[in-house]
Amino acid sequence: MQTITTDLVKQTIIKRPADSYKGTYGRIMLIGGNQNFGGAIIMAATAATYSGAGLVTVATDPSNFTSLHAQLPEAMVMDYQNTPQLLALLKGMDVIVIGPGLGTEPGAETVLTTVLTHVTVQQRLVLDGSALTLLAANPQPLPASPIVVTPHQMEWQRLSGLKIADQTPAANQVAAQRLHVTAVVKAHRTTIYAGTQAWRNPGGSPAMATGGMGDTLAGMVGGFLAQFADFNHAILSAVYLHSAIADDLAQTRYVVLPHQISAEIPKYMHHYSQL
Ligand SMILES: NC(=O)C1=CN([C@@H]2O[C@H](COP(=O)(O)OP(=O)(O)OC[C@H]3O[C@@H](n4cnc5c(N)ncnc54)[C@H](OP(=O)(O)O)[C@@H]3O)[C@@H](O)[C@H]2O)[C@@H](O)CC1
Ligand SMILES: Nc1ncnc2c1ncn2[C@@H]1O[C@H](COP(=O)(O)OP(=O)(O)O)[C@@H](O)[C@H]1O
Ligand SMILES: [Mg+2]
């Protein structure tokens with residue numbers, strides 16, 4: 001297993017060409033946030049936007065529109081239950097993140113199925129949180145698109161069938177290959193599996209153990225995938241930076257909040273782009 005290096009991150013986060021515009025940096029849709037978990041999709045969308053995604057659309061429960069806009073006026077919104085509009089907007093997306101705060105009610109299952117059956121091979125897909133729990137409870141075929149899943153250990157148990165105690169690197173690798181996904185198995189030391197390759201994230205601390213920390217990572221992964229061509233390197237760089245920022249903040253803080261990480265992302269990306 002390789003450790004993710006700063007070299008990989010600095011090679012991934014490149015200087016922006018002068019002759020570029022918002023379309024250059026990707027169109028991303030983040031889908032989730034039911035009436036109870038609006039914060040999750042707000043945190044994910046904030047992370048995607050602060051990661052530099054060019055155009056951000058959030059498909060969520062309408063009860064979240066105002067709070068989302070108060071936090072993130074850069075984002076566009078739509079009602080995730082409006083299937084015709086969802087299908088129309090999905091077509092133009094480069095990246096789709098689904099799951100943060102989506103919940104597991106039947107309506108959420110319908111949204112997930114709509115996305116899984118319409119996403120194209122050109123689109124990159126991030127499956128997190130409730131999307132993984134729904135998939136595990138009711139397996140359905142995954143599209144041929146590049147897919148990354150970002151489970152915590154219980155979500156990975158549900159999805160892979162591996163009990164937490166059995167989630168060894170070798171078993172995780174086999175499971176990721178069987179699912180045809182890149183798997184970011186989150187833990188104190190997160191490990192990432194893609195085909196025959198595996199990486200270990202060197203950072204992270206218990207100061208990160210706050211609700212929304214994974215939602216923020218899912219948004220960062222989506223934001224990086226919207227901009228950086230190499231699929232796995234974009235994912236690895238997002239995982240690395242998420243915990244690197246948290247570790248720096250934790251030097252003077254007992255707990256690090258997800259939105260504090262998002263606020264730091266542009267500064268850290270600038271730093272790595274200059275190296
Ligand atoms: N502000 C918001 O809107 C927020 C909304 N959120 C959204 O809520 C949705 C549900 O996501 P979820 O992760 O909260 O619940 P679920 O999938 O049932 O997993 C929890 C179960 O797994 C167990 N467990 C064992 N190991 C574990 C581990 N390493 N890490 C974590 N859990 C571990 C754990 O064990 P226990 O804690 O009981 O010991 C418990 O039994 C999802 O859409 C998410 O995006 C959240 O992000 C919070 C902020
Ligand atoms: N003790 C810890 N050490 C390192 N990282 C941690 C620790 N606790 C939590 N994290 C990180 O926080 C995130 C938690 O993700 P997740 O459980 O999905 O959160 P949520 O769904 O509430 O947003 C993961 O990136 C995980 O690696
Ligand atoms: Mg989560």
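**Notebook: a loop residue, the sheet and the annotated sites**

**Entry 1. H180.** I began with H180, which is exposed at a relative accessible area of 67%. I use buried for under 20% relative accessible area, exposed for over 50% and partly exposed for in between, with a 1.4 Å probe and protein chains only. The model is a predicted one, in which local features need pLDDT of at least 70, side-chain atom pairs count only at pLDDT 80 or more, and totals for chains, interfaces and linings use all residues. Residues are numbered from 1 along each chain as its sequence is written, chains are lettered from A and ligands numbered from 1 in the order in which they are written, and side-chain values use heavy atoms, with hydrogens and water left out.

I placed H180 in the loop between helix 8 and strand 8. Helices (H or I, at least four residues) and strands (E, at least two) are DSSP runs numbered from the N terminus. The phi angle of H180 is near 60°, a positive value in a residue other than glycine.

Entry 2. Ten of them form an open sheet of mixed pairing, in the order 1-10-9-8-7-6-5-2-3-4. Strand 1 (2-3) and strand 4 (76-79) are the edge strands, each pairing on one side only. Two strands count as paired if DSSP finds at least two bridges between them.

Strand 8 (residues 182-185) and strand 9 (residues 191-194) are antiparallel and joined by three bridges. Within this pairing, A183 has Y193 of strand 9 as its bridge partner. Helix 8 (residues 169-179) packs on the sheet and touches strand 8, strand 9 and strand 10 (197-200). The direction of helix 8 makes about 40° with that of strand 9. Contact here means heavy atoms within 4.5 Å; axes are lines fitted to C-alpha atoms, for helices over the stretch in contact, and angles run from 0 to 180 degrees between N-to-C directions.

**Entry 3. Strand 5 and its neighbours.** Which way do the residues of strand 5 point? V95 and V97 point one way, I96 and I98 the other, and all are buried. Strand 5 pairs in the parallel sense with strand 2 (residues 27-31) over four bridges, and it runs parallel to strand 6 (residues 124-127), again with four bridges. I98 is the bridge partner of I31, and L127 in strand 6 is the bridge partner of I98.

Strand 5, helix 5 (residues 106-118) and strand 6 make a right-handed β-α-β unit. A crossover is right-handed if, with the strands pointing away from the viewer, the path from the first strand over the helix to the second runs clockwise.

D94 counts as partly exposed because its relative accessibility is 33%. Outside its sequence neighbours up to four places away, D94 touches G26, R27, Q122, Q123 and R124.

**Entry 4. First annotated site.** An unreviewed UniProt entry gives "binding site" for A40, G101, H152 and D215. Such annotations may be inferred rather than shown by experiment. A40, G101, H152 and D215 are included in the lining of the largest pocket. On a 1 Å grid over the protein atoms alone, a pocket is an open set of points where a 1.4 Å probe fits, with protein on both sides within 12 Å along at least five of seven lines, and lining residues have an atom within 4 Å of a point.

G101 lies in the loop between strand 5 and helix 5 and counts as buried at 9% relative accessibility. Its contacts beyond four places in sequence are G32, G33, N34, F37, A40 and S130. D215 belongs to helix 9 (residues 213-227) and is buried at 15%. Among the residues in contact with D215, beyond four places in sequence, are A40 and D128.

**Entry 5. Second annotated site.** The unreviewed UniProt entry also gives "binding site" for K186, A187, H188, R189, T190 and G214. These residues spread over 29 residues of sequence but cluster in space, with a largest C-alpha distance of 13.6 Å. K186, A187, H188, T190 and G214 from this set belong to the lining of the largest pocket.

Is T190 buried or exposed? T190 is buried, with a relative accessible area of 8%. I found T190 in the loop between strand 8 and strand 9. Leaving aside neighbours within four places, T190 is in contact with V184, V185, W199, R200, N201 and V239.
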